Amino acid sequence: MAVCIAVIAKENYPLYIRSVPIQNELKFHYTVHTSLDVVEEKISAVGKAMADQRELYLGLLYPTEDYKVYGCVTNSKVKFVIVADSSNTSLRDNEIRSMFRKLHNSFTDVMCNPFYNPGDTIQSKAFDSMVSAMMVQAS
Amino acid sequence: MEAHEEKPIIYTMENKPIVTCAGDQSLFTSLYTSLAQQLPRESMEWRRSYGRAPKMIHLEANFVQFKEELLPKDGNRALLTFPFLHIYWTDCCDTEMYKASVKDDMLRWQSTLRLHGSVDWLIVVVESEAKKKNKTNILPRTSIVDKIRNDFCNKQSDRCVVLSDPLKESSRSQDSWSAFLTKLRTLLLMSFTKNLGRFEDDMRTLREKRTEPGWSFCDYFMVQEELAFVFEMLQQFEDALVQYDELDALFTQYVLNFGAGDGANWLGSFCAPVKRWSGLLLRRPIDMEKRELIQRGEASLLDLRSYLFSRQCTLLIFLQRPWEVTQRALELLHNCVQELRLLEVYVVQGALDCWVFLSCLEVLHRIEGCCDRAQLEANCSHTVGLWTYATEKLKSLGYLCGLVAEKVPTSEDLNRTVDLLAGLGEERPETVNSLQSPYKKLNEALSSVEAFEKHYLELSHAAMEMYRAIGRMRSARLIGKSLAEFYMKKGDPERAEGFLDDSLRSYVAEGWSLQVTHTRKQMAECQKLLQQTEDYLQTSALLAGDANLTEEERKHFCQEILTFASQPPAPSDQTVALSMAAFAQLRQMQFSPPGAVVHVGAALQLELRVRCLMPVAMQVEQLAATLHFSLEQGGARGRAGSAQRRTGQGPQGQGDGVVLFPQGSPLAGAGMGALLPPALELYEMQDRSPSDSSLTSTGVVCKNMHLLLRRHDSSASLDTPTAGALPAAVAVDDGAQMLRARDITLQPGDNSILFTAPTGEPGSYTLRQLCGSVGRVQFVQSHIYPVVQYEVYSQEPQLTIEPLSDNLLAGIPQKVKFTIATGHYSVKKGDALQLSNTDSMPILHSSCCSATVLSSTGERMGESALSIQSSEKVTSISLPPTPPYHTLEFQLEVLCHIPPTPFKPDIERLTNGEVRHRPKSHSHADSGMINIDQKVSIDCPWSIYSTLIALTFYVPFKAKHSILSAGKRKYIQVCLQNVSDTNFHLADPVLTERQPTVSMELLSLNVKKQQPVCSQQSVFCLWEMRWAKPLPLCLQCAFSASFAPVSASDTHTAFKPYRYEFQLDRVSTLYSLKAEILPPSGDQHCRTGALCGLEVSITRQAEPSETEGEEEESTEIEGLRTTKLMYEVVDNSSNWAVCGKSSGVVSMPVAASATHRVQMEVMPLFAGHLPFPNIKVFKYLPHNAVPAIQPDTDSCLENDTISLLDKGLDDQGDTASIRSRGSVHSVGSGEQQRGLPMPRLEPFSPGQVFYWSQGRQVLVLPVTDDHVMEVNVT
């Protein structure tokens, strides 16, 4: 389960970012923001290699001592970033992928909302609860 | 491997598979060199069990003398020392000798081998020609080999090979060598397969036992590593690596299971507190020291991991995959930290940091050792992680040991440092001589504050450079930020500022609000230390309005500003200008009145809504908006219809005078705005033709197209900081005019401020800059966007008169509305409008006439009675006093008299009643209404010139008259058509003679009552004429009637006269024409196809009167006055065929009852009641006669005028032939016509000829014997 989930706009500003322990929020923001470096690197690498069969899932962006950062990018260059705890070793690649898929679906729902203004921060309750379900429950 | 041979340290193992040699040692020694050379020369395919892919391998061997000790004892599974093949060498060629000694020796060798269960052996018999030649009693050479084969290889004959003349350069020797080597390789591989297979089976069995209590990972580790060693020995590094990876995975799984509560006993040794943290050691192929620790089961987790990684690293470098080393290293370091945490191993604080730091540097050194500089630089992305990790760890060590401070470390810090250094142990012998070893670096860095700084900066800059080089700007900035934090701790804000500024710009540009807040706080601290007052205040303002901060923090920063603001100003600097954006956001502006277009001097209020972002109420001494004034619009233009359009020009502008300011996201303030595309700014565009200002085209223009169509970079670049952390210095410009509000308190949140806008001069005013002053601090917003502007205009007074209904009708009273827009003129008491009176359009004023005064916004201000005085010449309307820029409205009734007809439709009457013809017809195309343009001349009090205003009236009726005859009796019919849209009542139609003659009487045949005339309907009136004396040639008549609209309330007074005058000429009947159709003689009825007689009798009805006689052309022949008439029979409906002549000229005596009969023949063409053919009579004027009346040009008779040649023209002349000739002539030459005057025909006026047989019919029977009947069915 994730400790931080972020949706980042094409222009690299956060559309949505939520993390589990509130006191560490800033740290997660820094982590997610820095991960954009790797995302951009991977996107440009993918763009060169195979433009056609574009894989949305970018995999592990970079590990830190405490966290693993995974990334995913949509065709419209909206980025999803999931930060998982390193100690959570039971998390497999497949689960991360399915989390991204869920995130993407929910995000698509948000975008389909006619009252949502593209580019605004996401305030959808449905999206929020979906993210909560994917987060580690703070015990 | 070529790669490692160049390196100074050889990491490969010296081990090769062991092959023992028994028998003749001297023989072997002589062959050893070439054998050792030739064995690895060719590769062999190694087929392997368990479906593993076959491999080509080059074999090498370590040949040792056979000893019994070399053979492995039971249970010893050491593979490295395992002899894979045993060879017995002999060059015996003597049977005797073989039997005497060699055979026994071989038997002994064989039994030893058998004892140890080894089946991998080979006997080599070396033959040489030289040796053979020495002996005389030689057996054939095969015999010894055969004997040996017979004795030893009972089933495996291939276990004995012959090597012929090995030391000679002959083809035979070559062949035998290659056969021998092939055999040797094959056997070696067979042995490998067999022995390794057995070993792997054992190993697997051992692994399966791992759940048993006594199982130890360390033991198993040793076993599997043995396999790895063998693979490495065989240079199968990939396979060797797999063994280590398997061990790694197994161990990791155990640790994870332990974490999940499933602990294994043997893991206990790894949970011992970490005592040594000397880092990885990658310079030796095998770290025997650690290996022994593992073997003894005394290794700590770090030891095991270090050893495993060092082996993996060695193999990966053999495989030339150095970048995998760095990647695995980072994973390993992260993993170890996690595992120690998971296993709850006690580690001295900072020890792990030391270990990680040393390990990172060790890996980097190792990689640098095997790659050149260019390679390293190209692969920064792989190493930079380690650099960063090392930097982080050094930083945390620095903080831990009190090295990051302005003061020297405390004794506690020193103790800690000593403890940490103790755990590093002695420096390894390999690196003792190296100056830059990780050990030395760490030692040095922890030794003093200065050394720490040096190393830390070195590492940080290296990592930053690398990140920059590979384009990871965010990561570089993050390191920069932590450097800034370091500098701040060191009390060096100058150097911190640059890094903070750089980071802050990038966060603002990308809109990451939490980072912005955090960095800005650090920035504020930094700026405060640097005493950059202005910057600090600006940052404080931003922070005070930052929603991410707590209330206390915001208040603190707000207080900082207030404290500064309240200080008495220093003489040097007066005020500090800060950006308004941090202080307050503009929400909306509202004009009152909403049009935002006012006249000079009018009150215009502007309500500004601002959201104050400060956490406490702010006392603002003055809030002022400078105005830009331009004359270009407004002044010249009157009350423009486009006034509404001008307000709220912004994209979100609304029609009600409200300008909404676009709201940037609350997250990022200025930063977000820059990222979002600007909204469309659309304007209405109208293109009017310059001549008559009619609309030629209209459209919508986008004014900020250049912004919208600009190319946007698809990847938002970080390197162009938009809307930086601090806005560019804001300048306060002193506008001449401004909106001001003094001493206002802005509460946190929304506030409303009311401005009174100056409207002194006509022109357009644009709000440019907004400035709020709080003590010494000014908050300035340099642009107000969208554009807010208002207009002040000045207007000339204006008078308009317009009808209340669609069309003004002439003849009845109509209401018109007078509108006076006073403009800048103020209507004083006694001011009056002077209307010149005209007879044609009197002004009907009633006593109760009142005027309404409206304000410029259309509000009703009041009502006052108008006093209207009429004199002969003028009507004077005295106006009530009205202030400027108001509208005065009142209504008057006017009546436009219908001019007596027959008027030509195009009449324009001037005010003086003069009627003149206008060149253009004004009758309505659709309704045929006749209009009258009535101009009114008005003298206005504000102008010395008269104002001419044209009103158009429409005549509601159209009248026609006609004369009807019955023999001598005459009737006059008048048709009155209502062409207007109004329904009328018509009353009292009267027909009178204008010059009344006593003799004539007009007898009305009309109803007395009034009758309705609906719109577009007609009414007919009829009078009979009676006369005693002969009638004059010309009769002047006048028709008059009263009419009133049906809707009129007071019918009696509402009736207005309508008059129609006309003239009747030559009314009395001169001739009567009677026609008779006579059936053929003997028949009672006419029949089709049969000729009938047509008898026309023309009878003179009256004596010519005095007046008429002049006109009538007559000739005196023998005292009898005659006049010539021409008759013509025409049948237009082709019912009749006129046979023979159809026309002729008769001479009529000018006397009453003179009759002339004409006989003609006609033939009916159809059966039935056929109308009589038309008979026409014309006056026949001889050529010499001067026509009395100039021929009317508009008459249609022109066509009927028949030119006749007078020559040979007789009374009874055949006109049919003449006509044809005439027509030829007329076509042939016009000259002749001009030269020879022609006789002319002139019609009679209606009423002069009375046709008796008009409308008569005659019965025509069909021919009796005509049986054919045509039936047409359609």
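## A first look at two chains

In strand 2 of chain A, A:Ser19 is the bridge partner of A:Cys4. That pair is a handy place to start exploring this predicted model.

**The sheet in chain A**

Strand 1 (residues 2–8) of chain A runs antiparallel to strand 2 of chain A, and 5 bridges join the two. They belong to an open sheet of 5 strands in chain A, with the order 2-1-5-4-3 and antiparallel pairing. At its edges are strand 2 (14–19) and strand 3 (57–63) of chain A, each pairing on one side only. From one strand to the next, the twist averages 15°.

Two helices of chain A meet these strands. Helix 2 (residues 93–112) of chain A packs on the sheet and touches strand 1, strand 2, strand 3, strand 4 (67–73) and strand 5 (79–85) of chain A. The direction of helix 2 makes about 140° with that of strand 5 of chain A. Helix 3 (residues 125–134) of chain A, for its part, lies across strand 1 and strand 2 of chain A.

Here are the angles for these helices, along with one for a helix pair in chain B that we turn to next.

| Element | Partner | Angle |
|---|---|---|
| Helix 2 of chain A | Strand 5 of chain A | about 140° |
| Helix 14 of chain B | Helix 18 of chain B | about 20° |

**A helix pair in chain B**

Helix 14 (residues 380–400) and helix 18 (residues 473–489) of chain B pack with their axes 12 Å apart, at an angle of about 20°. Angles under 35 degrees count as roughly parallel, so helix 14 and helix 18 of chain B are roughly parallel to each other. Their crossing is left-handed. Helix 14 of chain B brings B:Thr388, B:Lys395 and B:Tyr399 to the contact, while helix 18 of chain B brings B:Ile479, B:Ser482, B:Glu485, B:Phe486 and B:Lys489.

**A sheet of 3 strands**

Chain B also has an open sheet of 3 strands, in the order 44-55-51, with mixed pairing. Strand 44 (1086–1087) and strand 51 (1168–1171) of chain B each have a single partner strand, so one side of each is left without a neighbour in the sheet. Strand 44 runs parallel to strand 55 (residues 1257–1261) of chain B, and 2 bridges join them. Here B:Cys1086 stands opposite B:Val1260 of strand 55.

**Aromatic rings**

Over all chains, a search of the whole structure finds 43 aromatic pairs. One aromatic cluster is formed by B:Trp215, B:Phe217, B:Tyr220, B:Phe221, B:Phe251, B:Tyr254, B:Phe270 and B:Tyr307. Elsewhere, B:Lys1074 lies over the face of B:Trp1252, at 5.2 Å from the ring centre.

Key
Residues numbered from 1 in each chain as written. Chains lettered and ligands numbered in written order. Predicted model: local features only at pLDDT ≥ 70, side-chain atom pairs only at ≥ 80, totals over all residues. Heavy atoms only, no water. Pairing = 2+ DSSP bridges. Helix = DSSP H or I, 4+ residues; strand = E, 2+ residues; numbered from the N terminus. Axes fitted to C-alpha atoms, helices over the stretch in contact; angles between N-to-C directions. Contact = heavy atoms within 4.5 Å. Phe/Tyr/Trp six-rings, centres within 6.5 Å; stacked < 30°, edge-to-face > 60°. Lys NZ or Arg CZ within 6 Å of the ring centre and 35° of its normal. Parallel < 35°, antiparallel > 145°, perpendicular 65-115°, else oblique. Left-handed = near helix turned anticlockwise from the far one by under 90°.
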